[in-house]
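Let's take a walk through this model, one feature at a time. Keep the viewer open as you read.

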Amino acid sequence: MGVEIISTGGTYRLLKENDIKVVEVADVTGFPEMLDGRVKTLHPKVHGGILARRDVPEHMKAIEAMGIEPIDMIVVNLYPFKQTVLKEGATLEDIVENIDIGGPSMIRAAAKNYKSVAVVTEPEQYAEILEKMTACGGELDEALLSKLMARAFTVTANYDAMIASQMNARFEDTLFPASWPQAAEKVCDLRYGENPNQKAAFYKFPFTEGVTVAKAEILHGKELSYNNILDLDKALDIVMDFERPTAVIMKHTNPCGLASEDTISKAFRVAYDVDPMSAFGCVIALNRECDVETAKMIHEYFVEAVIAPSYAEGALEILEEKKKNIRLLRTNQPIGPAYRVREMKTKKVQGGLLVQTDEDVLLDPDNLKVVTKRAPTPEEVHSLLFAWKLAKHVTSNAVVYVRGEHAVGIGAGQMSRVDSAKIASFKANEPTKGCVMASDAFFPFRDAVDAAAEAGITAIIQPGGSIRDQESIDAANEHNIAMVYTGCRVFRHS
């Protein structure tokens, strides 16, 4: 199309080798590249040609007087900062050298002067630009120029946010710096949000480590929905806490079944049977390979999605053949406490952002404070610790009943704790007599303990800390219930 191309370094050589007419930037600026390529385009001959407004005569006269030619399009692919950070063995020096300076400067300059300069930042844009230039005699209309400008500022903002997040992690002396830059990359558009009238998309953070839904491989089924992703994220978060083969059944961001057993198939069977009515349309997370036996059981039910570290030979075929729409995800990494990576938790609110550290409450029997006349038995302590792990993943107010290493009743999301205790009993699909109970926060009154006694609970684990703690202790003693305090709460507001 008769476009004169100016280029730098490696790109210049590549174009030259492919017999494409190209001018080296040093021939335009009259100044060679220097400092190992750190300085190439930072020159008035480049930035004057980009920034001069074509509709301002004084600008055009100024660049003409200085022998500066207008530049109509900038095509920049930034240095691979993210790829360098993720590269195994990358040093801080490697990372710093891959912070692009000239590229973002040209992008921002062109974006500022977008009505006159096209700013192209991604190869995915090339086809649309070429099509428009072909159709319009080499011109681009203002609508496309505006769209390119908007994308350009997003690209540089995301690039700077990646750099800031890395440097803050290495050198900032506070968990909560004065501003919170956060880079995110779109994974995909979603069919809709929580409801069909809402639009939604899924983004991932570029430097997140460990096992996540965002990094999982999608093997089969319909595209993931907004609600699928929320449930998969919570379900994966739960099974990451357990060493033994464990299955969780997730519904509307709350577990409706959880069990640890000797095999993953037994764990699934027990977990699903905790509340089979609520499990209709559930999401399932397994912390072991999904074997054929488990796959055969899963295909008997209406299940929205399954996430597991891997699938045994034959298991995928069973699920894919029987379930056309079921979403199957594979983490390709082991799932368990040793593979969890803690990161800051964020939540958007109207006009702002809440940021907090990740919950990391580890308990063992030595941390528990016995506050009743009767101490729990070793078997009860084992179940209490399992129940505590479950309670911290249930929306507050949370009360859970557990036998051995499986949930029996789960009371979630109530405005009063006694109602959660009653719901846990009501939802139980087996007798609650002999179970233990976990509460994610203290009892404000003794009524929840009385409800637990009515359900046949023998031991309770809770944080303690209420001004009426003694009333709850007295109630537990009256019912011969052992009660222990953790000294910390695991309240999950949402």
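Predicted model: local features only at pLDDT ≥ 70, side-chain atom pairs only at ≥ 80, totals over all residues.

Numbering starts from 1 along each chain as its sequence is written, and side-chain values use heavy atoms, leaving out hydrogens and water.

Start at Phe81, which forms one aromatic cluster with Tyr159 and Phe207. Rings of Phe, Tyr and Trp (its six-membered ring) pair if their centres lie within 6.5 Å; planes under 30 degrees apart count as stacked, over 60 as edge-to-face and the rest as tilted. Seven aromatic pairs come out of that rule. With Phe207, the centres are 6.4 Å apart and the planes at 75°, so Phe81 and Phe207 are edge-to-face. Both Phe81 and Tyr159 are buried (under 20% relative accessible area, with exposed over 50% and partly exposed in between, 1.4 Å probe, protein chains only).

Next, charges over rings (NZ of Lys or CZ of Arg within 6 Å of the ring centre and within 35 degrees of the ring normal). Lys389 lies over the face of Phe242, 5.1 Å from the ring centre, and Arg489 has its charged end over Phe491, 4.8 Å from the centre.

Finally, look at α10: 10 of its 14 residues are buried, so the rest of the structure largely encloses this helix.

Notes. Helix = DSSP H or I, 4+ residues; strand = E, 2+ residues; numbered from the N terminus.
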